Amino acid sequence: MPRPSLLSRLYLLLGVLGLGFIGLAFYLHRTTESLLTRDLGRELAGDLAFLVDLGRNDPSLLQPPRADSLARAVSRYKGYRVTIIAPDGAVVGESHVPAERLGEIANHADRAEVKAARADTALGQSLHYSQTVGMTMFYAAKSVSSGGTVIRMAAGPATLDDFRAAARRTAMWAILLFIMAAGVIALWVSQRISQPLLRLRGEARDVSKPLRWEAPFREAEILNEAFVDYADAIQNLAVELRVERDRLLAVLDRLEEGVVLLDHRGFIRAVNAAALKLLPLHLDGKSDANGESLVGRYFGTVVHHEGLARWATEVRTSGPASSGKSGGVPREGVYQVDKREDGGANDSPMDLLCHSRALRPDGAELELLLTFVDVTSFRNLDRAKTDFVANASHELKTPLSSILGYSETLLDGAMEDARARGTFLQKIHANARRLQGLVQDLLNLSQLESAESAPRAEPLFVRDFVQAAWNNHRAAAENQGIRFENRVPVNLKWNLEPRDLDLMVGNLVGNAVKYNSPAGKVRVEWDETARTLGVRDTGAGIPTEALPRIFERFYRGGGARATNEGTGLGLAIVKHAAQRYGITVAAESVLGEGSRFTLEVPVDIIGN
Ligand code: ADP
């Protein structure tokens, strides 16, 4: 319950004071009345004493008919009612009743003031209703002698009422004045204290604005100063918090890892730049580059991925375990995400490693930290490794099976047949060579892939390596009538490791011979301006759709598959060797006319 306001307390205090004041006025009214009565009593007592003295000196004055005359005379003179009562209680003189009706007045022996006066000759007083006059009157009576005649004087209502009215008027005025004073005080307090304080509250609501409050008195000034200090402290704190928050957001945005923070209901609290890049999130327009519009929205509806949305809901609702599994829901998972769903720029699906961690900031509700890492390349590598092993095994199996088959046939008796023996042995030899080539290629590839140290480069005359490569294939080429043209300048030197240049040129020239047409031509040339070494052949060429794949390991074009020659590793070896030096390998081809493979070398490779 709110504490009572200062003003209401003041009203209460004024109310209590007012009641007290009214009580006091009432008391004063009563006191005034009794004081006035006493005064009246005293006055009457004086008059009575005088009359008693008169009566004592001349008792006949108190006897009828003089008594009645006396009563009237005194009454006329003093203005009070005067009654003279004989010892037996009969009224013998009465100023306010005509003389002829004296006998009708009731016996006064039992009147209180009469009794009192008679009892001790002192003054008897009483305030009571007079049947004779028909109104309340103040009576004072005195006995001439003990048990003797009693003279009574009474102040009529006019006198009493005058006294009373005066007392009441005084009290009324006092009360009225008090109420007015109370009103003025309340108004003053309200104007000077309550209202300014309420205004101060209004002003203080927005701490970012300086207080524009003029303190009406010293205490308020102190309060105001305290407020200003307080507001300053809060503003400083706000600035510090903002700086801290900005720093945190900057760190978040520079993380490679996508981060999304959800509240306990699954609504987004924060999202970093990487998360925007990785996740298929529905943004409000392109202008919302930093994902501001996502904050406060439900993750499940802004992420365009059913699996991710479900996973986030499950980890959130399954309890606050901080690691591993919770309620059977894996805290970690890999989801394939296609950003194209959202019109994003990424072409191929991405593998996202998603991780969830429960957070509970001090005293706050449970929050969920979701992190996302792009593991596509790792997964691709993994897949490539598996494919590679499968392909390699397959490629090794084929020649091995042939060798086994032919040798078993020989052992089974074909040895005896000289012709068959020769053919089979040749086949065994050819397959063993193929196996050897394959193993050599695999070795070369694995060496190139695992080469961690920098290449031991030395200046090499390219022309010589091209010539050596041709010489290796010369026999086969001349069998087909293929001609060779080495147009590489004699002094062209590249700084490479000899093995790598050997592998590159060897494989390219080998392919140019292998995939050439009979009586075709192989030409190797150097383009000084483009810094490219081109190996051109006049073979059947490579279909456009196959071009992007020819550098993959174990990829063999349709025609090549039919022949036993080749392993599908040659161009992969060329590519890996070239990569070590930043050399770019490219292929272009026109079907039916031939192909051209180029090695574009960086300037620093070229020696002088
Ligand atoms: P392979 O051992 O099969 O030659 P490569 O990796 O050297 O393996 O080549 C991959 C494929 O690229 C070949 O199977 C062939 O289809 C194609 N290819 C390579 N060089 C040429 C070329 N000069 N002319 C036509 N096709 C080629």
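Hi everyone, thanks for coming. Before anything else, please keep in mind that this is a predicted model.

Let me begin with the ligand. How many residues are around the ligand, and which come nearest? There are 18 around it, and the nearest are Asn511, Tyr515, Asp537, Thr567 and Leu571. By class, that shell is made of eight nonpolar, seven polar and three charged residues.

Now the contacts themselves. On the nitrogen side, a polar side-chain atom of aspartate 537 sits 2.8 Å from a nitrogen atom of the ligand. For the ligand oxygens, we turn to the protein backbone. A backbone N or O atom of leucine 571 is 2.8 Å from an oxygen atom of the ligand, and for glycine 570 a backbone N or O atom lies 3.3 Å from an oxygen atom of the ligand. How much of the ligand does the protein cover? On its own the ligand has 530 Å² of accessible area, and the protein covers 95% of that. As for where the shell comes from, the elements giving two or more residues to it are helix H12, residues 498-514, helix H14, residues 570-579, and strand S19, residues 594-600.

Next, the empty space. Rolling a probe the size of a water molecule over the atoms shows where empty space is left. In this structure, that gives one cavity of 30 Å³ or more. The largest cavity has a volume of about 40 Å³. Which residues line it? They are Leu262, Gly266, Tyr298, Phe299, Gly300, Ala309, Ala312, Thr313 and Arg316. By class, this lining has five nonpolar, three polar and one charged residues. Two helices, H7 (299-302) and H8 (306-317), supply at least two lining residues each, and H8 gives the most, with four.

From there, let me move to a side-chain pair. Glutamate 367 is located in strand S12, which spans residues 367-374. Is glutamate 367 buried or exposed? Glutamate 367 counts as buried because its relative accessible area is 8%, under the 20% cut-off. The glutamate 367 side chain makes a polar contact of 2.6 Å with the side chain of arginine 269.

Finally, the backbone. Most residues other than glycine have a negative phi, and most peptide bonds are trans. With that in mind, here are some spots to look at on your screens.

The peptide bond between proline 64 and proline 65 is cis, with omega about 5°. Proline 65 belongs to the loop between helix H1 (6-57) and helix H2 (66-78).

Then there is arginine 531, a residue other than glycine whose phi is positive, near 55°. Arginine 531 is in the loop that runs between strand S16 (521-527) and strand S17 (532-537). With a relative accessible area of 25%, arginine 531 is partly exposed.

Phenylalanine 554 is not a glycine either, and its phi is positive, about 70°. You will find phenylalanine 554 in the loop between S17 and helix H13 (558-562). Where arginine 531 is partly exposed, phenylalanine 554 has 5% relative accessibility and so counts as buried.

Definitions and conventions: Residues are numbered from 1 along each chain as its sequence is written. This is a predicted model: local features need pLDDT of at least 70, side-chain atom pairs count only at pLDDT 80 or more; totals for chains, interfaces and linings use all residues. Side-chain values use heavy atoms; hydrogens and water are left out. On a 1 Å grid over the protein atoms alone, a cavity is a set of points where a 1.4 Å probe fits but cannot get out, and a pocket is an open set with protein on both sides within 12 Å along at least five of seven lines; lining residues have an atom within 4 Å of a point. Grid points are joined across faces, edges and corners, and a volume is the space filled by probe spheres set on the points. Ala, Val, Leu, Ile, Met, Phe, Trp, Tyr, Cys and Pro count as nonpolar, Asp, Glu, Lys and Arg as charged, and the others, Gly among them, as polar. Buried means under 20% relative accessible area, exposed over 50%, partly exposed in between (1.4 Å probe, protein chains only). A residue is near a molecule or strand if one of its heavy atoms lies within 4 Å of it. A polar contact is a pair of N or O atoms within 3.5 Å; within protein, one must be able to donate a hydrogen and the other to accept it, and residues adjacent in sequence count only if both atoms are side-chain atoms. Accessible areas come from the Shrake-Rupley method with a 1.4 Å probe; for residues, only the protein chains shown count as cover.
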